[in-house]
Amino acid sequence: SRRRHTRSASVSWARRCVQETAIKGLKLFIQKIRACNNLKQEEECVDVELAKIRKYFSNKGLTGYDRKKCVWKLVYIATLGYDVDIGLTEAFQLMQSPAFSEKMGGYFAFLAFFNESNKELMDVATNSIRGDLLSMNELYQGLALNTLANRPYKHFVEKLTDIVVKIAFGRTENTYYI
């Protein structure tokens, strides 16, 4: 018989997944940014990296790891205060990945880049979040619930409230959410 995951087993699995997101290229990019002596050097470094990322994204055979690496770099660039006008489509692809570390990167990028005015992608986002809410994977549900808590857009509230209520009140004593 299959043993039900206990809290400690799930938490250690979540920690392992987070550790797997360590990306060498991202670390090197952050080191390069921190080594800049002035704003002009930083802007040049960001511009070069954005050009590399655009080139990566134009490649049809992009692996999940490369997509994740580029999206995390874009999240970092956005946190530095730069406008990021690429990467949302790749973030959605990562949100739909079965690999937790890729899915987590997609959700973080979604939170960093998406705004409610992007009507054509709102349904894509809603469907992706709905899929994770309905999944039996508690970590996926946790990512989706976190996203809804941090971006309570009217569209999400209208389309996903029933599912969130069922999750909140339908769990057993052994089930928990991040």
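This is a predicted model: local features need pLDDT of at least 70, side-chain atom pairs count only at pLDDT 80 or more; totals for chains, interfaces and linings use all residues.

**Exercise 1. How many helices and strands are there in the chain?**

Residues are numbered from 1 along each chain as its sequence is written, and side-chain values use heavy atoms, with hydrogens and water left out.

Solution. Start with the rule: helices (H or I, at least four residues) and strands (E, at least two) are DSSP runs, numbered from the N terminus. Counting this way gives 9 helices and 0 strands.

**Exercise 2. Find the residues that touch the most other members of the largest nonpolar core.**

Solution. Step one is the meaning of buried: under 20% relative accessible area, with exposed over 50% and partly exposed in between (1.4 Å probe, protein chains only). Step two is the core itself, a set of buried Ala, Val, Leu, Ile, Met, Phe, Trp, Tyr and Cys residues joined through side-chain atoms within 4.5 Å. The largest one has 51 residues, and F110, I129, L133 and F156 touch the most other members. Elements giving two or more residues to this core include α2 (24–34), α6 (100–113) and α9 (154–170).

Now zoom in on I129. Taking contact as heavy atoms within 4.5 Å, and not counting residues up to four places away in sequence, I129 touches M95, Y107, F110, A144, T147, L148, F156 and L160.

**Exercise 3. Work out why the ring pair of F29 and Y76 is edge-to-face.**

Solution. Rings of Phe, Tyr and Trp (its six-membered ring) pair if their centres lie within 6.5 Å; planes under 30 degrees apart count as stacked, over 60 as edge-to-face and the rest as tilted. By this rule there are 8 aromatic pairs. For F29 and Y76, the centres are 6.0 Å apart and the planes stand at 85 degrees, so the pair is edge-to-face. F29 belongs to helix α2 and Y76 to helix α4, so the pair ties together parts 47 residues apart in sequence. F29 is buried, at 2% relative accessible area, and Y76 is buried too, at 17%.

**Exercise 4. Classify the ring pair of W72 and F108.**

Solution. Their centres are 5.2 Å apart and their planes lie at 40 degrees, so this pair is tilted. It links W72 in helix α4 with F108 in helix α6, 36 residues apart. W72 counts as buried at 15% relative accessibility, while F108 counts as partly exposed at 39%.
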